[in-house]
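Let's take a walk through a protein model, starting with the whole chain and ending at a single residue. Keep the picture open while you read.

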Amino acid sequence: MAYKDFVPSQGHWLKGNLHAHSTVSDGDLAPEQVLEGYRARGYDFFSLTDHNIYARYHHEGLILIPGFELTCYLNGKRAHINFYQKGEQSLFHNGEEFDVADDEATRRFIERARQGYLIMLNHPDWSRLEYRDVEGYDCFFALEVLNYGTEYHDRVGENAYFWDAGLRNGKGWWGLATDDNHNGYTTSPGWPFDHFECDSFGGWVMVKASQRSHEAIIAALEAGHFYASGGPVIHDFFVEDGVVHVSCSPVQRIVFKGEEGNFVRRLGAGITEFTAPLRRNKRYVRVECIDEAGRTAYSNPIYL
Ligand SMILES: [Zn+2]
Ligand SMILES: [Zn+2]
């Protein structure tokens, strides 16, 4: 009986956004407004990742993961990577700013921080990166498979192609969905979260954590015990005796993806499950569930 589930059976499902900006860098809402907006919509955890600055926050009702977005250089190209603090211990002091000028400085920064921080490769398409630009880095625990802000505004936030390129080449990246919200509106002003230009609440992760705590969330992220979503819910996803199963909220398309082509799919109105034998998925299989509005949930790969 070979059985592999996508998350542990015990634990709490917690919802979070791990990429967001405020007036501390180039966002248009104060930190407290951002945090309260997400708390009020039922988020459990949050990371306010302003550009090139380490800042600590507290907000009643939200578990806050200290983090920041570093402007760096990968293979000579300007890029952005996010850092998430694993525990209480910080390498940086509150308000510390960063200035990383080239590839060499990027590598030094990563080497210094990687023990205490999870590091994510942000929006590779928005940064116009190619897979070869990041091939030489083994520091990323995940990439943004969906960066909602740049997808909604610029149509460059969906990175499943880049993710698959890494997975085929043995990178153990998990896939996160985030908002990368800046909450700046170029047309009429209005209530910041009730506006057609709003870049909040479109991409999140659902983490299965052993407890409602910073450390448990970090452990679940590191282990891949989560899925990414722009809408649909994945209730279960597992492989048993060479057969893949998924159950989810009502969607229109379910696609199993592996290392090679030959994808296996089910289409239908309001479908909530799909079961199919593995086909040519040598090392892993993952699933995407897409609703009628085109919103997608992405599982992490299950390694076979
Ligand atoms: Zn960025
Ligand atoms: Zn950002």
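## The chain as a whole

A residue counts as buried if 20 or more other C-beta atoms lie within 10 Å of its own. By that rule, buried residues make up 41% of the 304 residues in the protein chain. Bear in mind that this is a predicted model.

What is the chain built from? It has six helices and 17 strands.

## The nonpolar core

Now head inside. The largest nonpolar core has 70 residues, and those touching the most other members are Leu143, Leu176, Ala177, Ile217 and Cys289. Strand 13 (residues 243-258) supplies the largest share of this core, with six residues. Where does the core sit relative to the domains? Domain 1 (8-228) and domain 2 (231-304) both give residues to it, so the core lies between them.

Take Ile217 as an example. Setting aside residues up to four places away in sequence, Ile217 touches Leu14, Phe45, Ile63, Ile65, Val207 and Ala209.

## Helix 5 and its buried side

Which residues of helix 5 are buried? They are Phe162, Trp163, Gly166 and Leu167. These four cover an arc of only 135° around the axis, so they sit on the same side of helix 5. Here's the background: an α-helix has 3.6 residues a turn, so residues three or four places apart point the same way.

Something has to cover those buried residues, and the list includes helix 3 (131-134), strand 8 (140-147), strand 9 (174-178) and strand 15 (284-290). Just after helix 5 comes Gly170, with a positive phi of about 85°.

## Asn159, a buried loop residue

Step back to the loop between helix 4 (148-154) and helix 5 (160-168), and you'll find Asn159. Is Asn159 buried or exposed? It has 26 other C-beta atoms within 10 Å, and the cut-off is 20 or more, so Asn159 is buried.

What does Asn159 touch? Leaving out neighbours within four places in sequence, Asn159 is in contact with His123, Pro124, Asp125, Leu143, Glu144 and Val145. Val145 is 14 residues away along the chain, yet its C-alpha atom and that of Asn159 are separated by 4.6 Å. You've met Leu143 already: it is among the core residues that touch the most other members.

Notes
Residues are numbered from 1 along each chain as its sequence is written. Chains are lettered from A and ligands numbered from 1 in the order in which they are written. This is a predicted model: local features need pLDDT of at least 70, side-chain atom pairs count only at pLDDT 80 or more; totals for chains, interfaces and linings use all residues. Helices (H or I, at least four residues) and strands (E, at least two) are DSSP runs, numbered from the N terminus. A residue is buried if 20 or more other C-beta atoms lie within 10 Å of its own, exposed if 12 or fewer, and partly exposed in between; C-beta atoms are placed from the backbone. Two residues are in contact if their C-beta atoms, placed from the backbone, lie within 7 Å. A nonpolar core is a set of buried Ala, Val, Leu, Ile, Met, Phe, Trp, Tyr and Cys residues joined through C-beta atoms within 7 Å. Domain bounds come from an automatic or database domain assignment. The arc is that of the directions from the helix axis to the C-beta atoms.
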